[in-house]
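Me: Could you take a close look at one part of this protein for me, the place where aromatic rings pair up? I'm new to this, so please spell out the terms.

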Amino acid sequence: MPAKTTYNFPFAQYPAVRTAVLLCIGIVLSSVWMPDPFWIFVTTSIFLALSFLFHRITKTTLNPYMGTLSVFFYLLLIVSFGFFRGVQTSPQNYEALEQHFLGAFEDEEVYWHGKLTDAHLNANRTLSLFMTIDSVSIDPAIPTFKHGFKTQIRFFGANEQIQNTAQPGSHITVKASVQQIPNRRNPSDFNVQAWLNGQGIYIQGNGVEIISINKEPTIFTWGWWRTNLRIGIDRVFATEQAELAKAIMIGYKAGLEREVRQNFSRAGLAHIMAVSGMHVGFVLFPLWLIIPYFWNFRFGKWVGLTIIVVVLFMYAGVTGFSPSVQRASVFAFFIAIARLFQKRSDTINLTGVAALVILLIDPQSLFAVGFIMSFTAVLVIFTTLPIIQGAFPPKVRYKTPAKIAQLILISVAIQLALLPILIDLFQEFSLIGPILNSIAAPITQVLFIWGFATTALGYVLPNSAYILNIPANYLVALLDWLTGFSAALPGSYLTLHLKSGWLYVVWFTLFATLASLYTPAIRWKWAIAFLVALGIYTSDVTLKSVSSTHAQITFFDVGQGDAVLIQTPSGKNILYDTGVFTPFGNSGERVLLPHLRARGITRLDAVFLSHPHADHIGGIISLLDNVEIDAIYDSGFQYHSAIFSGYRVAASNRNVPVIEVSVGDEIDLCPFMKFLVLGPLPTVRSTNPNEQSIVLMVVYGEDRLLLTGDAEHEAERELANTFGDFLQADILKAGHHGSRTSSQDYFLEWVKPQKTVVSNALRNRYGHPHPDATARIHEHSEQVRFTALEGAIKYKMTGNGIEWIDWR
């Protein structure tokens, strides 16, 4: 009978990996428990002393038990040190500072003194100044609050003068009002607060003016280098290609149009604009080719290493020391040492060293998406590369066609490994990405090296550099066209929704199974773990899909407009109004589509457009362009506007029926719910579109929701006279954003709402909600909520009572 085989991971062979894992355990522990740092320091010191003591005893007595104790306390020392560093850098440390500062200065215009670390001007002309503050004062010359912290100050509609004045690296004084970083306004909005908190920023300011520049940036500041490099790229690239060139070469994406970013994401090439290990490889490629020349003279190896260190450090600095660049730079540094001094390198250990360096500098990097994605990609390469190479016969394994095929397969493996993260954060997964990567990578490499060479030449011979850079302009244009074309192809990407957090466990066990294929002692254990995780995931998803016995109502925050999503127990999705339209965008593309994608909703069973004003139908064309709509219901009121005519034409072109409803109609959308049309009533004679709004009563069991569009006093009077106590509702969406002409007593007396929602912008030119209307609503309603104050508002209709949902 063969002996039973076991497997133990050779941690002793990978000391850097072992140390990094233990450090991570300590950092994770600090995220759930925050004791006094002093006692953690004391505990860490005790573990250090005990580890040293037992190590000394082991050396003198050769007692194996003492050696075991020495190792045990050494392991505890690493965990404890990670715990200590995690507590030291925890975001919770900033809460007291934030509360104290906001309590003293919130909404006040004060003077901020400090160093400008970076400045970003986006496509909407919003200039963001990122500063390290020394002090804040009410009077420009007398510091009131002396405390170092980071902040972001925004100048809206920034002009060229402000942009040119704001030079990173300079010490400046800025007049700005103090603001708390706002929470997300809608469930699927980009979480700006979390993004800024991840950079150590907990306080924000709205800029008024730059008062003075106290100290110009110097060559010894990263701000100087970053600014001059951006100027240099602008100098040699055409205006049409400069912003994308800066994104590809140095990761500066502030000036990119939203559509360009979206195209790169859907084409699976977003990583080209996020400075990563690939870019570090491009930087080192020319130096790598000449390393053999450094072997030929006395101090050549040290000269070569110095050059490589300087180049890596400079590139990491001008790109902001992102986790992926730090990881790749540390990795490249040790690889370069091995190649220069002709030593053997251990890639797995080097990955552990890279993680250690990053985590020792900033332990909170462990929770950053960039860190997680970067190291996940590297681990996937380590685990899948032997399997992929082993699939090719030795005779062809290292030939060009096989290498290209291997590159595509590795790209597929990385994309698949990142699938849960991509779904969770971006709700999109590119199918065409692995193929495009094999085309875009060499184009990007040539563009990168060529672009940097001509940028450097541009400081000496700008005209010649501009002409010599024409090929790089064409390469940028080619990448722009390639991503735009690919993203527009049917089926090039999938819109997905993370249905259960168990998908992360499924994916981890799947790749662990693949990594252990050549290790018989553990591969079946991982395979069983994968099957168990898959079973739990499937059960969780199934239970969630069949156990929904309620309807969910979401009142979106679309500013000065309306948009309400009704999700029924049978899985139907109905939208009542589509938000606002402005020359700068619409609620469809900014709010509704991101929400639908995040929840895997690709089809709307019905869209009700209460009346044809732009603050209610503003997003309909974007919705028609991006999701399947079974039918649109409107009041039939004819209106002369470009957006109304445009939506009718767009619906006709897509064969989406537009159905005119009238009072008394019952729309059959869900077997468990009733959708009753109560208006517009024929007795309302007004030609005001507001008075002709669709009034919809939604009934689920004992629960009732009343949506009135912008109905004003005449429509409300006729509704009260016609329906009386039938108007009673548990939830009322207040008419016309809480205007004085709506929410009349004679209407509210019949509705008797438990909860009323008012949808409006915080500061709007109409003065909504009007104090008189607000007083009447409060008098007749048990609870009143405003989207202007809370953002999106969600309720659950259980059929036997209404429950508020805290979506944050």
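Reply: Here's a walk through some of the aromatic pairs. First, a heads-up: this is a predicted model, where local features need pLDDT of at least 70, side-chain atom pairs count only at pLDDT 80 or more, and totals for chains, interfaces and linings use all residues. Residues are numbered from 1 along each chain as its sequence is written, and side-chain values use heavy atoms, leaving out hydrogens and water.

Searching the whole structure turns up 25 aromatic pairs. To pair, rings of Phe, Tyr and Trp (its six-membered ring) need centres within 6.5 Å; planes under 30 degrees apart are stacked, over 60 edge-to-face, and the rest tilted.

Take F41 and F84: their ring centres are 5.9 Å apart and the planes sit at 50 degrees, so this pair is tilted. F41 belongs to helix α2 (residues 37-61) and F84 to helix α3 (residues 64-88), so the pair ties together parts 43 residues apart in sequence. (Helices are DSSP runs of H or I, at least four residues, and strands are runs of E, at least two, numbered from the N terminus.) F41 is partly exposed, at 46% relative accessible area, while F84 counts as buried at 14%. Buried means under 20%, exposed over 50%, and partly exposed in between, using a 1.4 Å probe and protein chains only.

Now for F47 and F73, a tilted pair with 6.2 Å centre to centre and 35 degrees between the planes. This pair links distant parts of the chain, with F47 in helix α2 and F73 in helix α3, 26 residues apart. F47 counts as buried at 18% relative accessibility, and F73 counts as buried at 14%. Ring pairs also join F47, F54, F72 and F73 into a cluster.
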